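Hi everyone, thanks for coming. Let me put the structure up on the screen, and then we'll walk through a few parts of it together.

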Amino acid sequence: MSAPMPERRLLTLAAILQAPDAYPPTAWLCAPRPVGRWQADSPAAVLLVAQPGQAVPPPPGLARILFMDEVQLLMKRLLEQVPGAPIWLRIEILSRYKEHAEFPALTAYPDTLADYLAEAVHDGGLTAIEALEHLRRYFAHFTVDAAQRIMTQAYNRTRK
């Protein structure tokens, strides 16, 4: 007789993407299809590897999306470019990677990066000073005044 299946419980995609390193790299991220409709509160699960030879289907309504090591690498790369990235951006990056096998350049345009950083500040993932310093890291040729002006405009554009 085979061992009993481990207890399963659904999480949200947001909960998993907030702490992807909490899961083994060989586990599967399971989420609903189609990928383009994911939201922060979309149901999700992390499916751990079973005993050798034991088939473990994903929870009903969910599909195996990516191994967690891929998710962990994507989130690490994202957080290097946009520290404290808001959950919607984490989901968008994961979705684009899964659907189009691409990771967009998040630091190519100062206004775009400033908007992402401002949202991270609004969400509490980053302080305003850290956001300004991060913007200047990628756009060191800007004066402090210019960088502050760009960040102020971004804060105003992204205010909730």
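Which residues of helix 3 are buried? They are L89, R90, I91, I93, L94 and S95. Before I go on, please keep in mind that this is a predicted model.

So, what do those buried residues pack against? Their partners are helix 1 (13-18), strand 2 (28-31), strand 4 (63-67), helix 2 (68-81) and helix 4 (110-122).

Let's check the length of helix 3 as well. The helix covers residues 87-100, and at 1.5 Å a residue its 14 residues should span 20 Å. The C-alpha atoms at its ends are 20 Å apart, so the model agrees with the expectation. After helix 3 comes A101, which has a positive phi, near 55°.

Now for one of those partners, helix 2. Its axis lies 10 Å from the axis of helix 3, and the two helices pack at an angle of about 125°. The crossing of helix 2 past helix 3 is right-handed. If you'd like to find the contact on the screen, look in helix 2 for E70, V71, L74, M75, L78 and L79. Across from them, helix 3 contributes L89, R90, I93, L94 and Y97. As a reminder, an α-helix has 3.6 residues a turn, so residues three or four places apart point the same way.

Next, helix 4, where we find E119. Is E119 buried or exposed? Its relative accessibility is 15%, and the cut-off for buried is under 20%, so E119 counts as buried. Setting aside residues up to four places away in sequence, E119 touches P86, W88 and T158.

Moving on to helix 6, residues 144-158, let me point out I150. I150 is another buried residue, because its relative accessibility is 13%. Leaving out neighbours within four places in sequence, I150 is in contact with P110, D111, A114, L135 and F142. I150 and D115 are 35 residues apart in sequence, yet their C-alpha atoms are 9.1 Å apart in space.

F142 brings me to the aromatic rings. How many aromatic pairs are there? The count comes to three. In one of them, F139 and F142 have ring centres 5.5 Å apart and planes at 10°, so this pair is stacked. F139 and F142 are both buried, too.

That's my tour, and I'm happy to take questions.

Note on methods
Residues are numbered from 1 along each chain as its sequence is written. This is a predicted model: local features need pLDDT of at least 70, side-chain atom pairs count only at pLDDT 80 or more; totals for chains, interfaces and linings use all residues. Side-chain values use heavy atoms; hydrogens and water are left out. Helices (H or I, at least four residues) and strands (E, at least two) are DSSP runs, numbered from the N terminus. The expected span of a helix is 1.5 Å times one less than its number of residues. Buried means under 20% relative accessible area, exposed over 50%, partly exposed in between (1.4 Å probe, protein chains only). Contact means heavy atoms within 4.5 Å. Rings of Phe, Tyr and Trp (its six-membered ring) pair if their centres lie within 6.5 Å; planes under 30 degrees apart count as stacked, over 60 as edge-to-face and the rest as tilted. Axes are lines fitted to C-alpha atoms, for helices over the stretch in contact, and angles run from 0 to 180 degrees between N-to-C directions. A crossing is left-handed if the near helix is turned anticlockwise from the far one by less than a right angle, and right-handed if clockwise.
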